[in-house]
Amino acid sequence: MPTDSPTPPPRVLTAEIAALRTDLSAGLYTSARIEELLGPVASAALRRENPVPARRMLEPLTDPAAVLLRLFTLGAVLSRAQVQAALPTLGVHGALRLGLLGPAGDDPDSALQALVDLAPYSARDDAGEIDWWIASDHSELATGAPLGPEHVLGVGGASLTLARITPREPARRVLDLGCGGGIQALHASRHAEQVVATDLSERALGFAAFNAALNSIELDLRQGSLLEPVRGETFDLILSNPPFVITPRDVVAEDTTWTYRDGGRAGDTLLAELLRELPTHLAAGGSAVMLGNWEIRDGEDWDTHPRAWMQAAVADGVDAWVLQREQEDPAQYAETWVRDGGITTRDERWPALTGAWLDDFAARDVEAIGFGYLLLRRPESAAARPGVLRTELVPGTGSGSLAAHLAASLSALAALEDHDDEALAASRPVRAEDVIERRHLTPGDWDPMLIELVQGAGFARVVRADQLLAATVGALDGTLTLGQVLGAVCALTDVDEDEARARALPAVRELLITQMVAL
């Protein structure tokens, strides 16, 4: 059950953290080693939050990595001798001083249990390979109980998604807004001169400070709501996995709200509030990358709410792009987020909580909830033009780096504002290497019923094309201008060139934005 007195975050003690780092390194406490010890079946089960196979595999092992995973992530109670053997430099007393461990019983000399989760984290971003350790609160996997109101998450699906879509160009100043345990700020430290990380939760900032120290990273940590801690400052990159979960405000009890995900606003108004102010914090050439949820009300288009949120940014000359990745009905959404809090169908609160979500959505005629990405970019130049607003449904994912793909698309969106049709026709676009053409024919026929241009990278988009567009894209190798290619295609097909330009140029603009064609 949630506790009114959550465990304090681990302490930042320089000598003890150095000793812990030594032991974790020497014990090969890495994701690769854990995968090796668990094997494919137990590893896959653990990713599904089923700890039973992992416990069976690790219990007989004395390997330090096995002992540490059992202790910190799986919730095992271990003897002091076992802990001392796994952490020989830090020792039991050092782990107690850091606040990582506590007695498992009333006797202070009894066996020990972990007070926090401490897990290896391995990844690769555009800056290279990563091997870190991340401290957080224990999940339901270890405790078997619902999460507390001040719970600090480890590295979850949303964190990984945001890290994957964030551009990694060198930056002077980066802001991680709503940093939680600090994972986005740690990533940003690899390509930024200064990283400011903010959170409303003092407890979350305590975990972020510990994680930064353990991984020898320097962060500027500040407490406060949304953009209050950085009033008047600008950044080259703003990252945020904000508390966007839409939660009924009037009927949810205090112990079933979670600071890490609930923004304390009705409906989806927190994102509206944030996006009104955020553009003023973007430096010239600066970008913002966020995750979010939005309500889709009966009779409205899916993008009605995010379009309204972006109006202030567009008026300020900032380009904005909203991408919806998923959509859930109110019942699915309620189930997802009640379960996320560690409350299952067996819990007596399940019916009341799911009912509260459904009542809340019904009061606003919400028929679906969208999830996706919100991206903003202030152009480098101070040219007086309104920003461009683009919304897109992108259910698929292709190969390659989404971060690089999104950055290139935002750049193309801005560049095309400076290209009228004559400039576009004079350019020399090149078809992307990952684009193929797919033709559908009735057996025995020569002419296709349907032609599709298929993207292998990015969001794996599929674009319907006619013969004119397919032939044009097929010839875009950079040798001829787009106007020359269209002229050649028209000569071969007897299509009027003015008509061809009117049909093809808007389609090529779209292909340039989606990176199926590049300038």
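A crossing of two helices counts as right-handed if the near helix is turned clockwise from the far one by less than a right angle. With that in hand, here are some close-ups of this predicted model.

**View 1. Helices α18 and α20 make a right-handed crossing.** Helix α18 covers residues 467-474 and helix α20 covers residues 497-513; the two pack with their axes 10 Å apart, at an angle of about 55 degrees. That angle makes α18 oblique to α20. On the α18 side, look for L468, L469 and V473. Over on α20, the contact is made by A500, R503, A504, A507, V508 and L511. Sort these contact residues by type and you get eight nonpolar, one charged and no polar.

**View 2. Helix α11 and its buried residues.** This helix runs over residues 269-277, and its buried residues are L270, L271, A272, L274 and L275.

**View 3. An open sheet of eight strands.** Follow the strands across in the order β7-β6-β5-β8-β9-β11-β10-β12, and you'll find that the pairing is mixed. At the edges sit β7 (220-223) and β12 (389-393), each pairing on one side only. On average, neighbouring strands here are turned by 20 degrees against each other, ignoring direction.

**View 4. Strands β10 and β12 side by side.** Strands of a sheet pair through backbone hydrogen bonds, either parallel or antiparallel. Here, β10 (residues 319-328) pairs with β12 in the parallel sense, over five bridges. To find your place, look for W321, which stands opposite R390 in β12.

Conventions:
Residues numbered from 1 in each chain as written. Predicted model: local features only at pLDDT ≥ 70, side-chain atom pairs only at ≥ 80, totals over all residues. Heavy atoms only, no water. Axes fitted to C-alpha atoms, helices over the stretch in contact; angles between N-to-C directions. Helix = DSSP H or I, 4+ residues; strand = E, 2+ residues; numbered from the N terminus. Parallel < 35°, antiparallel > 145°, perpendicular 65-115°, else oblique. Contact = heavy atoms within 4.5 Å. Nonpolar A, V, L, I, M, F, W, Y, C, P; charged D, E, K, R; others polar. Buried < 20%, exposed > 50% of the residue type's maximum accessible area, 1.4 Å probe, protein only. Pairing = 2+ DSSP bridges.
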